[in-house]
Amino acid sequence: MGPKMHLSKNVKQMKFMQRQYGEENAAEEEEALRSKVDEDHWVLDLPELTVKESKYVFDNSFVSFENLQFGRFSFRGMNPAIEKLAANQKAASELEVLEAKEKEMEVSDEEMAARYSSLVGTVGKKFATKRSRTSPPSQEGGGKRPKFMKPADD
């Protein structure tokens, strides 16, 4: 067997030849198109986009806006189990509200120390005498003037 014979392009384009070589041609053309797209295609070197945290909370339910209560109701002891469930849920929601308020009002130790340290200087300035307010703080003599010394009579 010799080298493989190839048919010319014109022969392959004839109608009766297209049926046989159509599938092979389609695959070759598709591959050529892909390589052309790959050569032409370019990508920018940009940093990846990070997902930003949303400052909005999406809720599909309108219950939180309407302040709705427990779903089932019972009045005057008609269904004590339902009344007990409603009471438990109400107590739990009130407890959550109280804990949230307490957490909001609570001051951490670091914050308290920072506020106290700034207050010490402010209160000290308020009760300082006029002389100690005007004297520079670098003097450590207690703010006393030195006494006048007479010159020697020699």
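Mentor: Welcome! Helices here are DSSP runs of H or I with at least four residues, numbered from the N terminus. Keep in mind that this model is predicted.

Trainee: Thanks! Where is Phe62 found?

Mentor: Look at the two helices on either side of this residue, α2 (15-40) and α3. Phe62 is found in the loop between α2 and α3.

Trainee: Is Phe62 buried or exposed?

Mentor: A residue counts as exposed when its relative accessible area is over 50%. Phe62 has a relative accessible area of 55%, so this residue is exposed.

Trainee: About how much accessible area does the nonpolar patch on the surface have?

Mentor: Phe62 belongs to this patch, along with Val63, Phe65 and Leu68. Taken together, their accessible area is about 450 Å².

Trainee: Now for Ser74: is this residue buried or exposed?

Mentor: Ser74 sits in the loop between α3 (63-66) and α4. Buried means under 20% relative accessible area. The value for Ser74 is 15%, so Ser74 is buried.

Trainee: With which side chain does the side chain of Ser74 make a polar contact?

Mentor: A polar atom of the Ser74 side chain also lies 2.8 Å from the backbone nitrogen of Asn79. For the side-chain partner, look for a polar contact at 3.1 Å: that partner is Glu83.

Trainee: Which element gives the largest share of the negative patch?

Mentor: The patch is formed by Glu96, Glu99, Glu102, Glu106, Asp109 and Glu110. Two elements give two or more residues to this patch, α4 (80-105) and α5 (109-126). Glu102, for one, has its place in α4. The largest share, three residues, comes from α4.

Definitions and conventions
Residues are numbered from 1 along each chain as its sequence is written. This is a predicted model: local features need pLDDT of at least 70, side-chain atom pairs count only at pLDDT 80 or more; totals for chains, interfaces and linings use all residues. Side-chain values use heavy atoms; hydrogens and water are left out. Patches are made of residues with over 30% relative accessible area and no salt bridge: like charges are joined within 9 Å, nonpolar side chains (Val, Leu, Ile, Met, Phe, Trp, Tyr) within 5 Å. Accessible areas come from the Shrake-Rupley method with a 1.4 Å probe; for residues, only the protein chains shown count as cover. A salt bridge is a side-chain nitrogen of Lys or Arg within 4 Å of a carboxyl oxygen of Asp or Glu. Lys and Arg count as positive and Asp and Glu as negative; His and the chain ends are not counted. The place of a charge is taken as NZ of Lys, CZ of Arg, CG of Asp or CD of Glu. Buried means under 20% relative accessible area, exposed over 50%, partly exposed in between (1.4 Å probe, protein chains only). A polar contact is a pair of N or O atoms within 3.5 Å; within protein, one must be able to donate a hydrogen and the other to accept it, and residues adjacent in sequence count only if both atoms are side-chain atoms.
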